[in-house]
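Hi,

Here is the structure I promised to send over. Have a look at it first, and then read on for what turned up.

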Amino acid sequence: MSGDDTTDDRAVGTDGETGDDPAVEGVVYLVGSGPGDPELMTLKARRLLDEADVVLHDKLPGPEIIDLIPEARREDVGKRAGGEWTPQEYTNRRMVELAREGKRVVRLKGGDPFVFGRGGEEMEHLADHGVPFEVVPGLSSAVAGPGVAGIPLTHRDFVSSVSFVTGHEDPTKDESAVDWAALADTGGTLVVLMGVGKLPAYTGALREAGMDPDTPVAMVERATWPDQRVVTGTLETIVDARDREGIEPPAITVIGEVAATRERVRAFLREGGDRDG
């Protein structure tokens, strides 16, 4: 399956699901896997992976975590920007189907299920169809990514607030839910998830809103994965840095004075598999 125009017969038509269906014997766990390092998973998440009958996983948990799951017990329902994808409708329906078969189902998501994932939608779908579920929070890459790169999201000398936003939206469209001008005025740290492709648009919008072009910026690609990379620059130069180093999703963008902290601590920071650009 590839592209937004792909028609998948699993995702169209009706499936007969209603809240009046027979009692469900199984259960679904909406589990956050953390940023990708298996050692940063919660103990509960790790136990549930071992106990699950089926694991429906995203791409974002990362290869080391996905490899912990026997191939016979895992199904890839992930999505990639511009690449192969699984319709959300299919994932929703699959969770209900498996639960009604009496299965213990883990819906494994990268980071935390409710931080710019679709955990909220999935939770409502399960409730609408009478399926019992449990939420297992995970360490969000929005926090872990900057941290492992030596970037504190708050710092008493610089900033006392943080804003988390998605970079998927076009900041120039009228219906955007992200007010980049307001964010530029906060004076706090700005963390953008899923914002690699739209980097020129939102950095431009922030500059137009009055944010200093010399504001430090860092991008952390594949945070905590063996091939983690970090690039730094300013609001003016970060697009060139991204292009020069070939930064690709998944990556976190950190905008604000705290991004410059990395260079002050880098000589003593142990980063595992980091290959710094």
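Let me start with the place of proline 250, which is in the loop between α8 (238–245) and β10 (251–255); helices (H or I, at least four residues) and strands (E, at least two) are DSSP runs, numbered from the N terminus. The peptide bond from proline 249 to proline 250 is cis, with omega near 0°.

A word on the source: this is a predicted model, where local features need pLDDT of at least 70, side-chain atom pairs count only at pLDDT 80 or more, and totals for chains, interfaces and linings use all residues. Residues are numbered from 1 along each chain as its sequence is written, and side-chain values use heavy atoms, with hydrogens and water left out.

Phenylalanine 116, in the loop between β4 (104–109) and α4 (119–128), has a positive phi of about 55° although it is not a glycine. Threonine 224 has a positive phi too, of about 75°, and sits in the loop between β8 (216–221) and β9 (229–234). Most residues other than glycine have a negative phi, and most peptide bonds are trans.

As for cover, threonine 224 is buried because its relative accessible area is 13%, whereas phenylalanine 116 is partly exposed at 34% (buried means under 20%, exposed over 50%, partly exposed in between, with a 1.4 Å probe and protein chains only).

Lastly, threonine 189 lies in strand β7 (residues 189–193) and counts as buried, at 2% relative accessibility.

Enjoy exploring!
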